[in-house]
Amino acid sequence: EIGNLKYTDLLPNTELNKAMHTTETFLKQLVNILLNYIKESNDRNEKVLHFYHPAEMKAMLDLDIPEKGLPLQKLIDDCFTTLKYQVRTGHPMFMNQLSCGLDVVSMAGEWLIATANTNMFTYEIAPVFILMETVVLEKMRQIIGWQGGDSILAPGGSISNLYAFLAARHKMFPTYKEKGLSAIKGQLVMFTSDQCHYSVRSCAAVCGLGTDNCVEVPSDKRGRLIPSELERLVLERKAKGDIPFFVNCTSGTTVLGAFDPIEEIADICQKYNMWLHVDAAWGGGLLLSKKYRHPRLTGIERADSVTWNPHKLMGTLLQCSTIHFKQDGLLISCNQMSAEYLFMQDKLYDVRYDTGDKVIQCGRHNDIFKLWLQWRAKGDEGFEKQIDRLMELAEYMVKKIKSMPDKFYLILEPEMVNVSFWYLPTRVRNMPHEKRLNILGEITPILKGRMMQAGTMMVGYQPLNDLPNFFRNIISSAAVTEGDIDFLLTEMDRLGHD
Ligand code: ABU
């Protein structure tokens, strides 16, 4: 129907009624493509991906930007082709990343966000969304266990962690913002476990401490920071005359899903006057579960700041990351630049709702609506059920793996939905475990490669400290069932048994 029509036939380029018809036809065709993609993503007979190497993929696609604009029909074809080769992260067999699945309500929210196309810096241009932000973020702080405080949505957990670092430094050295390094007489030092997300070390690099002053605290066999080691290292740096000021405590490490002991770390922070940040980007969703919150997140209310990413365990569409502060007023005093063209103080409304002056970016994407809508759909109860179910599925997978000791080797009993294991092909099954470790480290990426070529599933792998490559299976998609886990283990055996 849209034949050779071009963008000039769409709104706002031509007369309203005529353009509206073309616009509607164009968008309906796009919606059909999207609906088909959603259907295929949920169809277990469809593949998770069709893998091609970059050069092959490039040869198959028409990616050039032309001198003259293309017809609308070609754009529709482009949309179709783009999704044809996209990895279906909403497919039940996509267990590769911490963010998996395709929540339809959250996606509807994302569509609306794109249509509203607003910037989240002022109440003036995003009144409803700004109010939603205040309501949802306040609720999240209450779930953490605080009354009052302040929060903001950030572009990903790494930037949320950076906000925590900046606020901690600002609290300890309020003149740093104006005076820079000369405000600090001594070397600031931060502490985090050797299992933390790499963004914590990145804070040290970005903020001028240097990664040598981001001290890695050893963790135990389950990946949890060892508090006595933290105290030892704090004292060591203090003896050198350094200024320990910030401790990152991870609630749900990226690879093992481990939870650092918050209470014990909080005691040390209190004793040495250090800021306690809890990076619960991954594990934060468990705050919604009465069954699984404790003991993993016990003591989280003692933190000064908390990162919590709904786009992970809660299944909100990417991206949706939140950073919360116990103390109100810190974000604004730390980051405010009072740009006169945007944050005028004499506007007709309460300008405290102009949240853009609390952040280090100017333009800010609307990440709240899809979370708000999703939470409205599920209620607290629905989220709790979803999260409990994911944890139960991980328990099911662990049980299955343990029931096949000849084929699978479980690395540890997980605290979360990260299931870490090796697949054991036939030729290593009778070897002593220590002797076959290096072989397993070589086999794991080969098996991952076979999975991708087959297109039937995706599971991540990585080495960790002295452990050679192993699989980390993530169950964070509401689409997963026990049958999918059974299929995954059978398929791994089919692809890798030789
Ligand atoms: N920001 C951590 C995400 C890592 C992962 O999905 O595996």
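These legends accompany close-up views of a predicted model.

**View 1. An open sheet of seven strands with mixed pairing.** From one strand to the next, the twist averages 20°.

**View 2. Strands S6 and S7 side by side.** Here S6 (residues 275-279) pairs with S7 (residues 305-308) in the parallel sense, over three bridges. To get your bearings, look for Val-278, which stands opposite Val-306 in S7.

**View 3. Helices H5 and H6 lying across strands of the sheet.** Helix H5 (residues 127-144) lies across S2, S7 and strand S8 (321-325), and runs at about 65° to S8. Helix H6 (residues 157-172) lies across S2, strand S5 (243-250), S6, S7 and S8, with an angle of about 20° to S8.

**View 4. The bent helix H13 and what covers its buried residues.** Helix H13 (residues 433-454) bends by about 35° at Ile-439. Its buried residues are Leu-440, Ile-443, Thr-444, Leu-447, Lys-448 and Met-451. As a reminder for reading this pattern, an α-helix has 3.6 residues a turn, so residues three or four places apart point the same way. The cover over the buried residues of H13 includes strand S10 (418-423), strand S11 (458-464), strand S12 (467-474) and helix H14 (482-496). Just after H13, you can find Gly-455 with a positive phi of about 75°.

Technical notes: Residues are numbered from 1 along each chain as its sequence is written. This is a predicted model: local features need pLDDT of at least 70, side-chain atom pairs count only at pLDDT 80 or more; totals for chains, interfaces and linings use all residues. Two strands pair if DSSP finds at least two bridges between them. Helices (H or I, at least four residues) and strands (E, at least two) are DSSP runs, numbered from the N terminus. Axes are lines fitted to C-alpha atoms, for helices over the stretch in contact, and angles run from 0 to 180 degrees between N-to-C directions. Two residues are in contact if their C-beta atoms, placed from the backbone, lie within 7 Å. The bend at a residue is the angle between axes fitted to the seven residues ending there and the seven starting there. A residue is buried if 20 or more other C-beta atoms lie within 10 Å of its own, exposed if 12 or fewer, and partly exposed in between; C-beta atoms are placed from the backbone.
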